[in-house]
Amino acid sequence: MVIRFVLRRLGISLLQLMGLVVAVFFLIRLLPADPVARLVGMNASPAAYAQAAHSLGLDQPLLTQFLRYVGLAHGSKGLLQGNLGTSWVTNTPVLTEIGQMLPVTIQLLTLSFVVTLLIAVPVGIASARRPGGWVDKIVFVYGLFGGSQPEFWWGLLFVFVFFFKLGIAPAPLGLVDPMLSPSPPITGFIIIDSVLWGEFGILADVLYHLMLPVLTLVFILSGPIMKMVRQNMIRALQSDFILYAQAGGLSIRTITRYAFRVALAPSITLVGILYGVMLGGAVLVESVFSLGGIGQYAVRSVLAFDYPAIEGVVLVITALSLLIYLLLDILYAAIDPRVAHP
Amino acid sequence: MSQAELLSAAVGGVQPVRAPRLGGLMVFAVGVVGVMLALAVLGPIIAPFNPTQSAFSTYIPPPTPAALPHLLWQSLSGRGGAIHWFGTDGSGFDVFSRVISAPRVDLVIAVLANGFALLLGVPLGLVAGYFRNPATEILMRVSDVVQSFPVFISAMILVALAGQSMVNLIIALAVLYAPIYVRLTRAEVMSQKARGMVEASRAIGIGEWEIAVRHVLPNSLGPTLVQSSVTIGFAILLTAGLSFVGAGVRPPAAEWGLMIATGANDMVLGEWWPSVFPGIAISLTVFSFAVLGDALERHYRS
């Protein structure tokens, strides 16, 4: 039954992705932007313009372009062959470029989420122990506050304080000191690579450069996650078996542990959703610190009207978040059989 | 953070947990939202300087706290020229005038985008919830696809490719936020439809459409109202974020995100005021909308 449930969910996700591919492809071509003009410049001769349009395939009918992109046209390599096309600006395959950018974002997000959870979960539990107490009040206000802040502004503020005033953080100019030269990537995740090569100086430098971006994200993400842990904990603490445990005279520590186990499942789901959303939402922090992640790639592609790159970014980010949701659903179905047998 | 609305939408289904009472915070939030709405109307009129015209003296720092009482007295007694309360930025624009003029852009975009999202989403949600058939099922799947778009990147694509203007920003945000309202209204309509009043209306011979529009719809608007406050806040953040990466309104428009972006490099060099003041404005405004949304939600649930 779980397998059938997984297959159904997988099917729905694939349909959703197909809808997305079609929607994005036609949407960006129906909007009144002129990528050729942006590429060849305003003063290009009509002949140069026509030639550029031809080389990009933009002189073909929309449907032909689409079939080529998907890989259904004769002799074309498209999505079905695992080809996301070539960037119009850099002439590099989009998949290669995304392959370089995506690890940066995943690294940043994973690190931020780990730190956030280490802080937010204990605080959320503490505030749930005495609802209405002063810890709870602070957590509640912070939950509303952190979740509604312009993260790029806080990033800049942290740069001003920790780089300009105190001088304990690096300038917001990338992930590694340009004087250092890391060995060629193995996994693409520079933190893992530096460990694999045994280059701990580079590891330290990367962590040094990630200090402020992670601080910014932790500051923002802690709000909603604390609020959510608090909510799930209070709900768990209100259930009958906790009342029974209290009547049975178990220690607060044990009761908290029991309640936490119950509160964990819904919390994991929400953290997963938040992670998926942040894949596209980390753009602003990446821009402030010039980290060169997938979000910055998206900004660059959109502002340059680089259609294949835009389509590729949206497709990859959405596919990844759908994959995360799918994994969460499977995890949930495995824990809670009621999900798979509605 | 434009993603938290998904989170709040995901939490929406479960039973609420009692939140601490924070009456003072509520008063503060109403005050901030009131001031910002007033500035959206009056801001550019009462600004001491033209917000989009250079004063030709760049990087004048704001007055120090120690000098404030003297300057206040001076300006109240009408002596001396106008003062750059928040200093001037790298182009010589008066930061104070720009900060109080920006609600005319930020709040107008956010409120109108939310309004159009409601106009688009609520009727669709009503139809999808009241009449369950293959057509409305397809509608929900389309809404799913739109909702699975990464919000920030999609907004960026729509605005950049359609042309960076206020109108396009409003349309883009309305389209991206509409699915939330479709979903919320549909869920609420489905639960309202099971109530006895619908059965009773049918019994006395009222047509289905009339029941849907006159009886079910008014009872289903609670959650959308709550969500509106939250959505307006996030729309402000999204607008500012888009302008920050250069995909929103164009300079020299007085807009908070744009002001932060133009001041970003100065900030690294120590000139903090062009970015800090508009940031405080966004921070307080969006927080206040979040507090209001939370209060509305509690009021609605009880």
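Predicted model: local features only at pLDDT ≥ 70, side-chain atom pairs only at ≥ 80, totals over all residues.

**The interior and what lies around it**

Tutor: Of the 342 residues in chain A, 38% are buried, and in chain B, which has 302 residues, the buried share is 49%. Chain A is built from 15 helices and 0 strands, and its C-alpha trace extends over about 85 × 55 × 40 Å along the principal axes. Chain B likewise has 0 strands, with 13 helices, and its C-alpha trace covers about 75 × 45 × 30 Å. In chain A, 68% of the contacts with a separation of 6 or more are between residues 24 or more positions apart; in chain B, 77% of the contacts between residues at least 6 apart in sequence join residues at least 24 apart.

The C-alpha atom of Pro224(A) is separated by 9.5 Å from that of Val271(A), although the two residues are 47 apart along the chain. H9(A) also packs against helix H5 of chain A, residues 94-129, at an angle of about 40° with the axes 6 Å apart, and the crossing is right-handed. The contact of H5(A) with H9(A) comprises 23 nonpolar, 5 polar and 1 charged residues.

H9 is also one of the helices of chain A that each supply at least two residues to the side touching chain B, the others being H1 (2-30), H6 (134-146), H7 (151-165), H11 (252-281), H12 (283-289), H13 (294-303) and H14 (307-335). In this interface 58 residues of chain A are in contact with 50 residues of chain B, and the side belonging to chain A divides into 43 nonpolar, 11 polar and 4 charged residues.

Not every part of chain A is covered in this way. Helix H10 of chain A, residues 240-247, has 0 buried residues among its 8, and just after H10(A) the residue Gly249(A) takes a positive phi of about 85°. Asn91(A), with a phi of about 60°, is in the loop between H4 (62-70) and H5 of chain A, and it counts as exposed because it has 7 C-beta neighbours inside 10 Å. Phe305(A), with a phi of about 55°, is in the loop between H13 and H14 of chain A, and it is buried, with 22 other C-beta atoms within 10 Å.

In chain B, helix H12 (residues 256-268) and helix H13 (residues 273-301) have axes that come within 7 Å and cross at roughly 145°, in a left-handed crossing. Among the contacting residues are Trp256(B), Met259(B) and Ile260(B) of H12(B) and Pro274(B), Pro278(B) and Ile282(B) of H13(B); by class the contact has 9 nonpolar, 4 polar and 1 charged residues. In the loop between helix H11 (222-244) and H12 of chain B lies Pro252(B), which is joined to Pro251(B) by a cis peptide bond with an omega of about 5°.

As for confidence, chain B averages a pLDDT of 82, and 90% of its residues score at least 70. Helix H5 of chain B (residues 103-130) has the highest mean pLDDT of its elements, 90, whereas helix H1 of chain B (residues 4-11) has the lowest, 45. Over residues 1-15 of chain B the pLDDT is below 50, and the 34 contacts which this stretch has in the model beyond near neighbours in sequence should be read with caution.

Methods
Residues numbered from 1 in each chain as written. Chains lettered and ligands numbered in written order. pLDDT = per-residue confidence, 0-100. Helix = DSSP H or I, 4+ residues; strand = E, 2+ residues; numbered from the N terminus. Contact = placed C-beta atoms within 7 Å. Nonpolar A, V, L, I, M, F, W, Y, C, P; charged D, E, K, R; others polar. Axes fitted to C-alpha atoms, helices over the stretch in contact; angles between N-to-C directions. Left-handed = near helix turned anticlockwise from the far one by under 90°. Buried ≥ 20, exposed ≤ 12 C-beta atoms within 10 Å, placed from the backbone.
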